[in-house]
Number of protein chains: 6
Amino acid sequence: MPQIVYIDPVGPEGACPLIKDELDKIKRRETRVEFTHLKRGPQHLEYRYYESLIIPDLLHTIKDIEEKGNDAAVIGCFYDPGLSAAREITRNMVVTAPAEASFHLASKYGSKFSIIIGREKWIARITENLINYGFEDKLASFKTLEMGVLDFHTDPKHTEEKLKEKALEAVKEDKAEVIILGCTMQFGFYKQLQEHINVPVIDPIIAAFKYAEFLVELRNSFGWITSKKYTFEMPPDEEIDKWKIREIY
Amino acid sequence: MPQIVYIDPVGPEGACPLIKDELDKIKRRETRVEFTHLKRGPQHLEYRYYESLIIPDLLHTIKDIEEKGNDAAVIGCFYDPGLSAAREITRNMVVTAPAEASFHLASKYGSKFSIIIGREKWIARITENLINYGFEDKLASFKTLEMGVLDFHTDPKHTEEKLKEKALEAVKEDKAEVIILGCTMQFGFYKQLQEHINVPVIDPIIAAFKYAEFLVELRNSFGWITSKKYTFEMPPDEEIDKWKIREIY
Amino acid sequence: MPQIVYIDPVGPEGACPLIKDELDKIKRRETRVEFTHLKRGPQHLEYRYYESLIIPDLLHTIKDIEEKGNDAAVIGCFYDPGLSAAREITRNMVVTAPAEASFHLASKYGSKFSIIIGREKWIARITENLINYGFEDKLASFKTLEMGVLDFHTDPKHTEEKLKEKALEAVKEDKAEVIILGCTMQFGFYKQLQEHINVPVIDPIIAAFKYAEFLVELRNSFGWITSKKYTFEMPPDEEIDKWKIREIY
Amino acid sequence: MPQIVYIDPVGPEGACPLIKDELDKIKRRETRVEFTHLKRGPQHLEYRYYESLIIPDLLHTIKDIEEKGNDAAVIGCFYDPGLSAAREITRNMVVTAPAEASFHLASKYGSKFSIIIGREKWIARITENLINYGFEDKLASFKTLEMGVLDFHTDPKHTEEKLKEKALEAVKEDKAEVIILGCTMQFGFYKQLQEHINVPVIDPIIAAFKYAEFLVELRNSFGWITSKKYTFEMPPDEEIDKWKIREIY
Amino acid sequence: MPQIVYIDPVGPEGACPLIKDELDKIKRRETRVEFTHLKRGPQHLEYRYYESLIIPDLLHTIKDIEEKGNDAAVIGCFYDPGLSAAREITRNMVVTAPAEASFHLASKYGSKFSIIIGREKWIARITENLINYGFEDKLASFKTLEMGVLDFHTDPKHTEEKLKEKALEAVKEDKAEVIILGCTMQFGFYKQLQEHINVPVIDPIIAAFKYAEFLVELRNSFGWITSKKYTFEMPPDEEIDKWKIREIY
Amino acid sequence: MPQIVYIDPVGPEGACPLIKDELDKIKRRETRVEFTHLKRGPQHLEYRYYESLIIPDLLHTIKDIEEKGNDAAVIGCFYDPGLSAAREITRNMVVTAPAEASFHLASKYGSKFSIIIGREKWIARITENLINYGFEDKLASFKTLEMGVLDFHTDPKHTEEKLKEKALEAVKEDKAEVIILGCTMQFGFYKQLQEHINVPVIDPIIAAFKYAEFLVELRNSFGWITSKKYTFEMPPDEEIDKWKIREIY
């Protein structure tokens, strides 16, 4: 019975507890889902500053999740904050994140994808991940809604209209074959959009969560976990103890 | 109850019916697996010529598999023969293949992977796929066993020794963090190898098969299928009928 | 006296026997040209499925052409179907194809070229070749006529107008310095177009055919043929005989 | 009178107060240098976990440095931790870091550089920066000393010998034309090494510090500062206040 | 007291002696500036032909400048003519050039820059340098003023208007975060433009000159000069003497 | 009757008049070959300085060759000095050069080629052309003979032995499928080498000369010449006259 924890990496109340309901709908029957968020922090991570601030708490949350015996943690922000560090400090728990999962899936469904984002500010940050994960050649375009993270659900009808308009442009003009919703807070829109434009629309929460289930299955069956050689070699416990790292942060 | 057909794309008896047993061991409980091979053809596909020859039969096999109501077809050769054409002609059935699946998985487990192949001849063909799928920057090295496809199981002990030697070189000298077995006929070796070198070793049959299950689940739950816009637009039935394509091949 | 066979890789009557007349006009005096097509098959290759189907017949046609003592075979489709396999199975006969020849020539005449194609569907397939041959950085743009392969000669006046419009856009907006006609069925148009827009316009049939003559000359004078080391190593005759490959296909 | 603060981003006592003396020797006469470190934290940042932990404190230190009227902050670790976030939150203060500065300088002195690092673990992290800054094509090789950050000064004679051996290999075998010392804790070695191998050896502390002086001069004379458009747009003060960001971290 | 010579690499009177006044305004107090030009030659270098013609005279001018004991030479044309050759033949004098200096600086101020040029003809030449220096991924766009080099100062008001229009387009449409003026003859405009569009605007003369001062300081303090290993190995004096190179050119 | 002039771009007597005999042997019957060299200049071009010096004389030689009614000029140095400028100033005469011609041909004969050069110093210069022409991904390796340009023919037996050794290494270790001789002064060796290692060995003089014949044929038959749009737009005669360019150089 795989146990997966979805972390909304903002505080102090999480951006959207509704996400828990979404997860309950999409999980495999045998999976147990938990939803958590950070105790403190900004309410969105559009800025690198905000993102940097929450990473230590996020990493310790992930460490706790592993120590409590869970099978996977899902980092709930499309910037994939802390993903590499999380894979470094976990012993054999699965950690997934929305952008990585979405890029992998989208590139299986078509030659080129477009990412619908809120603001142009996000482009450089997401591009860093695109390049780092090796998918820059699959990008058709970024399409910008001119909305902040917290605006997507204030007028869902309007958001839906804008999404349809931008997704259509991406397909028609930029030759996108797949659409990725470039923010976890765009949850709840993929289905109508997909029906409207008739190409796959990847919801990044779903992508990250289902990949978590999948990777847990692979780990349990085949022993496949993050390689601990080189990149993700773990920091030694002696150092962490000697410097009292867990206490001082 | 997902039904998945694994196709050993050689003839006239398949390269290895034992693969069926492997699949039975690794499938999810609810999955139904079928194993098939081509009625005619060479016994391995190391040459582009052999690969080209079997693709039409393979595509028609896949078309039949979809028409019989199956959920996925797995193409059982690490060159991924006919993968793009198969995605073009299938309506909404999942099609997966070993190299694509292995590259995706390996890049989730580490920064760089090495691929263990039989002969240097294979490098150009596999590199084409690496580039096409976008993973060329993840390659640490190719390591060559100096064996043909049909040699891997003649003296399994010897193959295992060579695999260990080459995998270790890949990790030590080329800084690979993950190993991919670069031929479906290297089945049966990943586990001991993984224990020996202590980094993930991806068996390409398992990768392709488990991805098939995963993508069927995603399709059934979220409607995600190969985009039919541009690259994978289907050939029109009228042309196929008018030119009697199905009859003449 | 070089003997070159142009293969129209469609069936059952070839797409356009008129091409023979074109070739007679452009060949060197001493060259002998033959025109052939496949005995069966679709009438165009816009889909990967069609392309995959004809490759075995095409390869056997090429094999026969070599065995009859010819010096070169030209594959008459801008997707360059089967080119690598053909170079693998030929002993020392020259094999050329339109896209490869056109990219090489165009990059000698200017910094950037645009390719005028029929439909957006073709972009992914041609891009695969662009990347494989190493010319992706030379591409200014694809320009689409919104026509199928079989439409180019139904109203040649209209086609010519569209070609002029798109070529001009390519030069003005996309900064193309050379134009490539991206389909062998666009034969007959390059000259007027070239005079109209005043930059070189590469006809892919001419490019492939003249390269064939050129490479035959180089082979005869300097012994330069496809390297049989690694990529294009030939499949062994013993396997082909043992598996009765030539009989069963 | 430019005022520059060098931050040793470890705690609780800094890795090496001796660096202050180095800076006093290399600064322009009119520059005023301050040396600071973090109040808490690990003693080196070889792991992404450690690096992630210190970034919030580092950013707030930088913010304070700007608010106190300084002209530049230098981040004293070759991973360039927090550099982008620091440029996002500073109004017009200069922020520099060792890897970025070293790559820029090295590529002015030769076609290819090698980076001498402590352990292979560092390669993936530094490669991320190489790619992000656009210098991956300038890399000749990484050379590994098999030492941790804290080992470089335990037996300086031995370190110097190893540095000479590895630098020579880089020049002879990997065709490096310039050497970069890939850790700020390799300070004190560049001069002898440079004389020994007779190619430029970049000390990353010097590179970062001198770039800071240079960029302050450019800012004061020409108004050139980090662009606040898109990538480095600042987080709004209202949000920071409303969410009490400065208080809770 | 650093002595720097700015070379206007055209003849017979230089394109613009006013540049001397600009340099006097921007130099450090202790720097001594000299301005020179070639004795013969075209009045601009928009064509490769013109550029090729002046390089020998330019190189000999640079050689003389070094022999007279100067510390740096600045090549005053955005094509950076002869830069590599100049670094090859100078013993330890600094040589800088506008494009290289501008690309380095611009990439420190933002993720993407646009270059404002006079005519589309220049794109291929500047792109060669972009790629050669490793900054092609930082380019947002070229923006063309449709003016020749000698037109920029005939109606400065008009030039300023066009610059504002094009720079604004670059920022709005192409997402440039920094603007580079792509010709030394665009001197005198950066300040107003920068105030108008509110992103850094790099004047290439300033960039090259200030880099020269900076690199002289680094050379004098740390011994960093162009590596004489491989790429910039000097031609041997014996050959130059034996072949009377200095006499015959 | 095509008239082609081969230019040995050194002085005052050319590096090797024997090349004329080679050309007479390899030309088509109807071609008329002339051999020329520069009136002054260094005896080899290994340094950028030497290369820069001879380009103006070379360009004027080429201009004269066109004005005298010739059909093509071949630049006889593997650095391809002045190739772009030569294409800019010629009206419709063909200009070819050894590296460009060799890269194009080699990539038709195999997936990867190695270039055998004299000294490591050459790597950066040749790499610039590899990248500029778009063939960097086809390079297997550079192999260095540790000889200068003028040494190749002092002891031909020894040169041949070294060539065989290095070419074999390239094929065995670096997986080269084709060998390019990376200096025109390596003429006379390709045939024995080719027979010895059994992969195509490209002599760069032959490649450049035969391409010249080929491109003249294409020009005469199809009107294909260097595009005069953008990159190779000619400098205006009025400027050249007004500035007395032809007189002063």
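# A tour of the predicted complex

Start by selecting Pro12(D), which is found in the loop that runs between strand S1 (3-8) and helix H1 (18-26) of chain D; helices (H or I, at least four residues) and strands (E, at least two) are DSSP runs, numbered from the N terminus. The peptide bond that joins Gly11(D) to Pro12(D) is cis, with omega of about -10°.

Before moving on, note that residues are numbered from 1 along each chain as its sequence is written, while chains are lettered from A and ligands numbered from 1 in the order in which they are written. This is a predicted model: local features need pLDDT of at least 70, side-chain atom pairs count only at pLDDT 80 or more, and totals for chains, interfaces and linings use all residues. The predictor assigns the complex an ipTM of 0.97 and a pTM of 0.97.

**Stop 1: the loop in chain A**

Select Gly11(A) and Pro12(A), which are joined by a cis peptide bond with omega of about -10°. Pro12(A) sits in the loop between strand S1 (3-8) and H1 of chain A. Colour chain A by pLDDT (the predictor's confidence in each residue, from 0 to 100): the mean is 96, and 100% of the residues of chain A reach 70 or more.

**Stop 2: the two domains of chain A**

Colour residues 3-97 + 206-248 of chain A as domain 1 and residues 99-203 as domain 2; these bounds come from an automatic or database domain assignment. The C-alpha centres of domain 1 and domain 2 of chain A are 23 Å apart. Across the boundary, 20 residues of domain 1 of chain A are in contact with 20 residues of domain 2 of chain A, where contact means that the C-beta atoms of two residues, placed from the backbone, lie within 7 Å.

Which helices of chain A each supply at least two residues of the side of domain 1 that touches domain 2? They are helix H1 (18-26) and helix H8 (204-222) of chain A. H8(A) gives the most to that side, with four residues. By class, the side of domain 1 of chain A that touches domain 2 of chain A has twelve nonpolar, four polar and four charged residues. Here Ala, Val, Leu, Ile, Met, Phe, Trp, Tyr, Cys and Pro count as nonpolar, Asp, Glu, Lys and Arg as charged, and the others, Gly among them, as polar.

**Stop 3: chain D against chain A**

Show chains A and D together. 33 residues of chain D are in contact with 33 residues of chain A. On the chain D side, helix H2 (48-67), helix H3 (83-89), helix H5 (122-133) and helix H10 (245-248) each supply at least two residues. H2(D) accounts for the largest share of this side, eight residues. The side of chain D that touches chain A divides into 19 nonpolar, six polar and eight charged residues.

Chains B and E do not touch either, with nearest C-alpha atoms 16 Å apart.

**Stop 4: H4 and H5 of chain B**

In chain B, select helix H4 (98-109) and helix H5 (122-133), whose axes come within 10 Å and cross at roughly 55°. Axes are lines fitted to C-alpha atoms, for helices over the stretch in contact, and angles run from 0 to 180 degrees between N-to-C directions. H4(B) and H5(B) are therefore oblique to each other; angles under 35 degrees count as roughly parallel, over 145 as roughly antiparallel, 65 to 115 as roughly perpendicular and the rest as oblique. H4(B) passes H5(B) in a right-handed crossing (the near helix is turned clockwise from the far one by less than a right angle; anticlockwise is left-handed).

Show side chains for Ala99(B), Glu100(B) and Phe103(B) in H4(B), which meet Ile126(B), Asn129(B), Leu130(B) and Tyr133(B) in H5(B). This contact has five nonpolar, one polar and one charged residues.

Further along chain B, go to Lys175(B), which has a positive phi of about 65° although it is not a glycine. Lys175(B) is in the loop between helix H6 (156-172) and strand S7 (178-181) of chain B.

**Stop 5: H1 and H8 of chain F**

Finish in chain F, where helix H1 (18-26) and helix H8 (204-222) pack at an angle of about 55°, with their axes 11 Å apart. What residues of H1(F) and H8(F) meet here? Ile19(F), Glu22(F), Leu23(F) and Ile26(F) in H1(F) meet Ile205(F), Ile206(F), Phe209(F) and Lys210(F) in H8(F). Six of the contact residues are nonpolar, none polar and two charged.
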